[in-house]
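Here's a protein chain to explore, one piece at a time. Have a look at the picture first, then follow along below.

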Amino acid sequence: MASPTYSASRPTPTRGATALAAGHKRLQVDIRDLDPDDFPDVEAWLSAPPCPTYCASGKRSGLKDYRTVLDGAVQLGDSQAGLGERDAYAAAYGRVSDRRTALVLETLRFAFRLPNVRWIVAEQVPAVQGIWEEIGAELAAAHDFESCNVVTLGADDFGAATRRTRVFLIATREHTPDLASLPTRGRWSCGRYESPRWHEANASTPFPKTSMAQALDWPTGIRINTRGDRRTSGGNEFSADGPAHSMTGNGLRGWYRTDLGKPDGLITPAQAGILQGFPADYPWQGSRSSRFQRIADTVSPMVGAAAIGTAAGIPWQDAVRRRIQDLYGHRGETPRAWQQLTLDGQ
């Protein structure tokens with residue numbers, strides 16, 4: 001695609017330094033100050049709003065303001081009929097307890113108003129499923145988008161060495177994407193000529209499972225402590241002989257191998273990046289804590305390739321296979337037949 005790629009966000013020096021070091025062009029501004037009409041060449045809109053107010057590891061204030069955000073999406077949809085975008089906008093941002101919660105609405109604002117956008121992909125934690133559905137319904141109701149899908153994808157189903165589940169909105173203006181080859185743990189769809197409906201999960205994958213031990217070239221039998229001496233209902237350890245638990249910035253910096261203890265067994269940022277699907281030499285910037293936060297915030301490249309390829313109608317499976325082969329050494333191990341997913345995330 002010839003269009004330039006930008007990343008718009010609230011200015012954060014560490015995040016910007018990592019992106020620049022990796023060779024990505026950045027436009028660092030408060031996204032609320034951008035006018036979509038100023039980007040007539042943009043054909044694709046990728047959105048990953050901040051998740052701390054929605055995710056289980058945060059304070060979850062976004063759940064208390066859920067109805068406010070849903071109402072904001074409806075109001076923004078109505079604004080396309082001339083009812084005033086700014087009024088709808090002000091109502092949403094003015095009523096939430098944390099303004100980050102309402103930033104998911106930027107996905108809808110830009111999807112409506114980018115003059116030549118052809119498809120969008122938006123990512124969030126599973127708690128935002130209902131908001132993506134409402135935004136998809138608004139896009140379809142405006143008769144601008146032919147197909148809107150909300151899919152739940154697990155990173156380990158695409159060969160990543162971590163269990164990370166995220167929900168994606170994939171909306172296309174002029175075509176219906178082929179989701180037959182996309183391993184999904186859940187799918188909801190609607191469209192210009194399609195009423196909202198749920199689909200069966202596509203509960204199989206052509207990609208091999210990667211354990212944490214395989215990814216980091218460790219022997220079998222290693223266990224990872226995630227919470228020190230603290231005990232929770234989910235325990236404070238897991239086996240490295242399967243994909244790693246889903247990573248969070250605050251928690252990840254305390255993970256360590258129980259056979260080595262601290263500090264020798266602490267997980268490094270480079271190792272965490274490998275689990276997520278990045279090369280060992282990826283240029284994460286900033287302090288140890290900020291690097292872990294950046295890693296935990298990312299979409300696994302294999303999952304990103306699948307979501308973007310599906311939306312754009314570009315074959316993506318071979319690119320994913322090459323990445324997991326190059327990163328984890330799975331040469332010759334990709335199964336010919338699709339493997340059944342474990343839908344409970346274990």
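Predicted model: local features only at pLDDT ≥ 70, side-chain atom pairs only at ≥ 80, totals over all residues.

## Two strands side by side

Let's start with a pair of strands: β5, covering residues 186–191, is joined to β6 by 4 bridges, and the two run antiparallel.

The average pLDDT of the protein chain is 86, and 85% of the residues score at least 70. Residues 1–6 are another story: their pLDDT is below 50, and beyond near neighbours in sequence this stretch has 9 contacts in the model.

## The six-stranded sheet

Where do β5 and β6 belong? They're part of an open sheet of 6 strands, ordered β1-β2-β4-β3-β5-β6, and the pairing in it is mixed. The edges are taken by β1 (44–47) and β6 (194–199); each has a single partner strand, so one side of each has no neighbour in the sheet. On average, neighbouring strands here are turned by 10° against each other, if you ignore direction.

Two helices lie against this sheet. One of them, α5, touches β1, β2 (119–124) and β4 (165–172), and its direction makes about 175° with that of β1. The other, α11, packs on the sheet by touching β1, β2, β3 (147–154) and β4, with its direction at about 150° to that of β2.

## A well-covered helix

For the protein chain as a whole, 50% of the 346 residues count as buried.

## Two helix pairs

Back to α11, which has a helix partner too. Helix α11 (residues 301–312) packs with helix α12 (residues 317–328) at an angle of about 175°, and their axes are 10 Å apart. That angle makes α11 roughly antiparallel to α12. On the α11 side the contact is made by P301, M302 and A305, while α12 brings in V320, R323, I324 and Y328. Sorted by class, this contact has 6 nonpolar residues, 1 charged residue and no polar ones.

Now try α9 (residues 269–276) and α10 (residues 288–297), which pack at an angle of about 0° with their axes 10 Å apart. These two helices are therefore roughly parallel to each other. From α9, the contact uses P269, A272, G273 and Q276; from α10, it uses R288, R291, F292, I295 and A296. The classes here are 5 nonpolar, 2 polar and 2 charged residues.

## The whole chain

Zoom out and you'll find 12 helices and 11 strands in the protein chain. Which share of the contacts with a separation of 6 or more comes from residues 24 or more positions apart? In the protein chain, such residues account for 68% of those contacts.

Definitions and conventions
Residues numbered from 1 in each chain as written. Heavy atoms only, no water. Axes fitted to C-alpha atoms, helices over the stretch in contact; angles between N-to-C directions. Parallel < 35°, antiparallel > 145°, perpendicular 65-115°, else oblique. Contact = heavy atoms within 4.5 Å. Nonpolar A, V, L, I, M, F, W, Y, C, P; charged D, E, K, R; others polar. pLDDT = per-residue confidence, 0-100. Pairing = 2+ DSSP bridges. Buried < 20%, exposed > 50% of the residue type's maximum accessible area, 1.4 Å probe, protein only.
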